[in-house]
Amino acid sequence: METHEFDVVIIGGGPAGCACALYTARADLKTIILDKNPAVGALAITHKIANYPGVAGDISGGALLDMMRDQAVAYGAGYQRSQVFSIDVEGPLKKAYTPEGTFVGRALVLAAGAMGRKASFPGEAEFLGRGVSYCATCDGAFYRDREVAVVGSNLEALEEAQVLTKFASTVHWITPKVPKPDDVYSQQLLQMGNVKPWNRARLLNVQGDIMGVNGINIKPLDQSPIELPVEGVFIYQSGSKPITDFIHGQIALNPDGGVKVGEMMNTSVDGVWAIGDIRNTPFKQAVVAAGDGCVAAMSIDRFLNRRKSIKPDWDHT
């Protein structure tokens, strides 16, 4: 298998990986982005972005990601469409194994994201990014004065449903359980005037057309299926899971499954950083992921050049 040598190997081509590559390439570090598929990440499948700083108006997530990738490449970063199936982090040189060869770097960055959950319901994959979402904080504002549905009963679902109550005319909450009276989060949600609970119910399918989602079918216990005319479906059935299967236990994880990092995005292994949604941060925003990438890149520059402090990208002198 062919070996490719770099200063920095970045696994993942989302906003975190692209931002990191931009900064490491500018620092004259030979950098490669290994991207499994540029069309399937959380940002890539987002239909519309309206709150990314410096980008006026609406833009699709895919278009914004293209801009980020092109900018990193313009500054000298390499880009390789390739899936990493395993890594080796022992020793000073870190290895990423792919069908296209072994990529070796003095620094390794884990930026694979958190789209590990597979679609569970008919229509979910088809309308992902066109009415189906996993992030109310990202997409809630697009459903102002519209009906939406939240599917799930975990804490993430409850918190995201609270966000949607600020925008949607009605939030249909589909949960397989009956909320307990002592569950503070559930009771807070039920007190919202625009929340319609569907207890002991399950989602059957998501419906739509070329314009996107226009309804769902649910099945309450002991009742016939019911069709709800919603335009947005926020699914938290299992939560989005950090993509860490290629790590094979070599890096410490948090109890929630995210990669454990320090203030500089450094992991439990020297020479390895983790950025973006693979950390399972609650702030699942492109700008936060990009910030992670910047922090990691400056830390990498210090690490590889044995600096005692961070070298600023600019100063006022």
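## Briefing: cores, ring pairs and a parallel sheet

Phenylalanine 103 has a relative accessibility of 3%, and it therefore counts as buried, since the cut-off for a buried residue is under 20% relative accessible area. The structure described here is a predicted model.

**Aromatic pairs and charges over rings**

- When the whole structure is searched, 3 aromatic pairs are found, and in one of them the ring centres of phenylalanine 6 and phenylalanine 103 are 6.2 Å apart with their planes at 25 degrees, so this pair is classed as stacked.
- Because phenylalanine 6 belongs to strand β1 and phenylalanine 103 to strand β6, their pairing ties together parts of the sequence that are 97 residues apart.
- Phenylalanine 6, with a relative accessible area of 16%, is also buried, because the cut-off is under 20%.
- Another pair is formed by tyrosine 143 and phenylalanine 234, whose ring centres are 5.7 Å apart and whose planes stand at 80 degrees, so the arrangement is edge-to-face.
- Since tyrosine 143 is in the loop between α3 and β8 while phenylalanine 234 is in strand β14, this pair ties together parts that lie 91 residues apart in sequence; tyrosine 143 and phenylalanine 234 are both buried.
- Two charged side chains also sit over rings: the charged end of arginine 26 is placed over the ring of tyrosine 75 at 5.2 Å from its centre, and lysine 196 lies over the face of tryptophan 198, with 4.9 Å to the ring centre.

**Nonpolar cores**

- The largest nonpolar core has 34 residues, and the ones that touch the most other members are Val8, Cys20, Val109, Ile275 and Ile300.
- Two or more residues of this core come from each of β1 (3-11), α1 (15-26), α2 (61-74), β6 (101-110) and α6 (286-304).
- Apart from this core there is a second, separate one of 21 residues, whose members include Leu34, Val89, Ile247 and Ile278.
- Once residues up to four places away in sequence are set aside, the residues touched by valine 8 include Leu29, Ile32, Ala107, Val109 and Ile300.

**Valine 84 in its loop**

- Valine 84 is found in the loop that runs between β3 (78-81) and β4 (86-88), and because its relative accessibility is 10%, it counts as buried.
- Neighbours within four places in sequence aside, the contacts of valine 84 are Ile11, Leu34, Ala96, Tyr97, Thr98 and Phe246.
- From C-alpha to C-alpha, valine 84 and aspartate 245 are 9.9 Å apart in space, although 161 residues separate them in sequence.

**Helix α4**

- In helix α4, which spans residues 155-164, the buried residues are Ala157, Leu158, Glu160, Ala161 and Leu164.
- These buried residues are covered by elements including α3 (136-139), β8 (147-151), β9 (170-175), α5 (184-190) and β14 (232-235).
- The N-terminal end of α4 is capped by asparagine 154, which places a side-chain oxygen 2.8 Å from the backbone nitrogen of alanine 157.

**The open sheet**

- Five strands form an open sheet in the order β7-β14-β8-β9-β10, and their pairing is parallel.
- Its edge strands, β7 (132-133) and β10 (195-199), each pair on one side only.
- The pairing of β8 with β14 is parallel and extends over 4 bridges, and valine 151 has isoleucine 235 of β14 as its bridge partner.

Note on methods:
Residues numbered from 1 in each chain as written. Predicted model: local features only at pLDDT ≥ 70, side-chain atom pairs only at ≥ 80, totals over all residues. Heavy atoms only, no water. Core = buried A, V, L, I, M, F, W, Y, C linked by side-chain atoms within 4.5 Å. Buried < 20%, exposed > 50% of the residue type's maximum accessible area, 1.4 Å probe, protein only. Contact = heavy atoms within 4.5 Å. Polar contact = N/O pair within 3.5 Å; in protein donor to acceptor, adjacent residues only side chain to side chain. Phe/Tyr/Trp six-rings, centres within 6.5 Å; stacked < 30°, edge-to-face > 60°. Lys NZ or Arg CZ within 6 Å of the ring centre and 35° of its normal. Pairing = 2+ DSSP bridges.
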